[in-house]
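Dear colleague,

I am handing over the structure we spoke about, and I would be glad if you kept it open while you read the notes that follow.

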Amino acid sequence: MANCTIYLDNAATTKMSRTAIEAMLPYFDGVYGNPSSLHSAGQAAAEALQNARERIAACLGCTAREITFTSGGSEADNQAIRSAAALGARQGKKRIISTKIEHHAVLHTLKRLEQEGFSVTLLDVDENGLVTPQQVEDAITDDTCLVTVMYANNEIGTIEPITEIGAVCRRKGVLFHTDAVQAVGHVRVDVTAQKIDLLSLSAHKFHGPKGVGVLFARKGVALSNLIEGGAQERGKRAGTENLPAIMGMAAALEEACASMAENAKKLTALRDKLIDGLFAIPHAVLNGDREKRLPGNVNFCFEGIEGESLLLLLDDKGIAASSGSACTSGSLDPSHVLLAIGRVHDVAHGSLRLTLSGETTEEDVDYTVQAVREVVSYLRGMSPVWRDLQSGKREFIIK
Amino acid sequence: MALYSEKVMDHFRNPRNVGVIEDADGVGEVGNAKCGDIMKMYLKIDGDTISDVKFETFGCGSAIASSSMATELIKGKPVSEALKLTNKAVAEALDGLPAHKLHCSVLAEEAIKKALQDYYEKNGIDYDRSQFPQCESCEHCEL
């Protein structure tokens, strides 16, 4: 393991910001009361909790009462979808519309609802991972209770037309949820202007702590409990609030939103430099939309090699990356997202995701481009597939 | 990375016997690019001895390490001994593989057997077919 790590796996998780860490510290042994307690120590904690709620609401463009704290993005996704499904079922509406490239927190919840008698329509995406508002509109039926489309994809970074989809759903009177785990703190999100009814976010994707997130539910959208117990979160999410983490999340979100424009500009430039550098490798293809893309996301497929060995060798060179190959997913199939955008298995196995942060430098990008070139060429040198591709025995899929 | 043993990482980082034997006496290729691993073994056989062996692999870290270890285990050995190489022996020599990676050692065993089968076929040597796996029957690549 090289001692100088270039961390390019920020879509998996981020390093906590100093500001967020410091915002947490007073709540471990200073203000440590239970926000549900009536004494002063408890009320000090309750005040802090309310303060965090208001600050987070301000970042999202909603009111504090519309914020429910959860254990993270997955819980928020589960609760959002289950709540909308319960509301729909009461009116006999049991159809949910989503896409093929959602996170498993969404897809697996939908699978479970299917087993419980709901119908699920998963929309196809185009070769860049985009779904159109028209597709959503055409799919909405009289018995549709929810549309759930992710704000930005965690693997290929494609940003969906959320504002337009929100408008379609509002016009059709269907609830709209978006898994915005990869988007919040990175691109501008305004739940009111974008007509979003339910939104999930996770703090550790924007330099906040792990294990804490938010479910935004527009006023009037009643939530169903996943966790029963005490009356925390207006009775919708039992369990003593993780106050230090919530304070850290609020600080991290404020910081991310305050520096968003500047950070996005810097990251986009680095991202494009990295993309251009990797395009110099023959038989490589960019996954995801070139323009409608998260500022820090790069995702490529290299023909003739397998992603896990690529990751391990990059790790040896001090680069932390990710792949959608079957070997890294623990299943026999490569990423469902890569398959949905039309990458065949052979090619999807050779994927590499590099996700940048504000700490990434131009030198890091140059070093990474060089390292990926070397490793890809080394692995191709021992690949029987590459030999067949070169000799013409097998046809190139990526031209 | 704690996913793999030191031995696996050593064979992955410094694979032994990578390459091609142009005038190989037996060549065996197993696996499927769709599943994410293909192994190709090249054997040079002198008399009854495997005098040289090379491999090419498209696959994950454990696939490359399994190929490398398998070549080490049969190089310089009599053909009869190479035929007896099991996936278990390959995995054990690597100080174990994670459960979901055991198929990599199976591929290594099968690639060697296939190369030996090719050697027998090419030279019109009679052999017991029952001791060779039928690739078609393998369920690893059901897609």
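This is a predicted model: local features need pLDDT of at least 70, side-chain atom pairs count only at pLDDT 80 or more; totals for chains, interfaces and linings use all residues.

Apart from neighbours within four places in sequence, the residues in contact with A:Thr360 are A:Leu8, A:Lys266, A:Leu270 and A:Val365.

Turning to the layout of chain A, the assignment gives domain 1 (18–258) and domain 2 (260–391), and the C-alpha centres of these two domains of chain A are 29 Å apart. Where they meet, 29 residues of domain 1 of chain A are in contact with 19 residues of domain 2 of chain A. The size of an interface is often expressed as the accessible area lost when the parts come together. Between domain 1 and domain 2 of chain A, the buried area is about 1,900 Å², with carbon and sulfur atoms giving 58% of that area. The count of salt bridges between domain 1 and domain 2 of chain A is zero, whereas twelve residue pairs, both at pLDDT 80 or more, are in polar contact across this interface. On the side of domain 1 of chain A that touches domain 2 of chain A, helix H5 (104–115) and helix H8 (243–258) of chain A each supply at least two residues, and the largest share, three residues, comes from H8(A). By class, that side of domain 1 of chain A has twelve nonpolar, eleven polar and six charged residues.

The contact between the chains takes 28 residues from chain B and 26 residues from chain A, and the area buried between chain B and chain A is about 2,300 Å², of which 62% is given by carbon and sulfur atoms. Three salt bridges are found across the interface of chain B and chain A. A:Asp316 forms a salt bridge with B:Arg13, with 2.6 Å between the closest N and O atoms. There are also nine residue pairs in polar contact across the interface of chain B and chain A, both residues being at pLDDT 80 or more. Chain B gives two or more residues to its side of this contact from each of helix H1 (6–13), strand E2 (37–46), strand E3 (49–58) and helix H2 (61–74).

Over all chains, the count comes to 34 salt bridges. A:Glu114 and A:Lys111 form a salt bridge whose closest N and O atoms are 3.6 Å apart; because they are three residues apart in helix H5 of chain A, about one helical turn separates A:Glu114 from A:Lys111. The side chains of A:Glu374 and A:Lys317 also meet in a salt bridge, at 2.9 Å from N to O, and this pair links distant parts of the chain, 57 residues apart, with A:Glu374 in helix H14 of chain A and A:Lys317 in the loop between helix H10 (307–316) and strand E11 (319–320) of chain A. A:Glu374 is partly exposed at 38% relative accessible area, and A:Lys317 is partly exposed at 27% relative accessibility. Finally, A:Arg271, A:Asp272, A:Asp276 and A:Arg290 are linked in a network of salt bridges.

With best regards

Definitions and conventions: Residues are numbered from 1 along each chain as its sequence is written. Chains are lettered from A and ligands numbered from 1 in the order in which they are written. Side-chain values use heavy atoms; hydrogens and water are left out. Domain bounds come from an automatic or database domain assignment. Contact means heavy atoms within 4.5 Å. Buried area is the accessible area (1.4 Å probe) that two parts lose on being put together, summed over both. A salt bridge is a side-chain nitrogen of Lys or Arg within 4 Å of a carboxyl oxygen of Asp or Glu. A polar contact is a pair of N or O atoms within 3.5 Å; within protein, one must be able to donate a hydrogen and the other to accept it, and residues adjacent in sequence count only if both atoms are side-chain atoms. Helices (H or I, at least four residues) and strands (E, at least two) are DSSP runs, numbered from the N terminus. Ala, Val, Leu, Ile, Met, Phe, Trp, Tyr, Cys and Pro count as nonpolar, Asp, Glu, Lys and Arg as charged, and the others, Gly among them, as polar. Buried means under 20% relative accessible area, exposed over 50%, partly exposed in between (1.4 Å probe, protein chains only).
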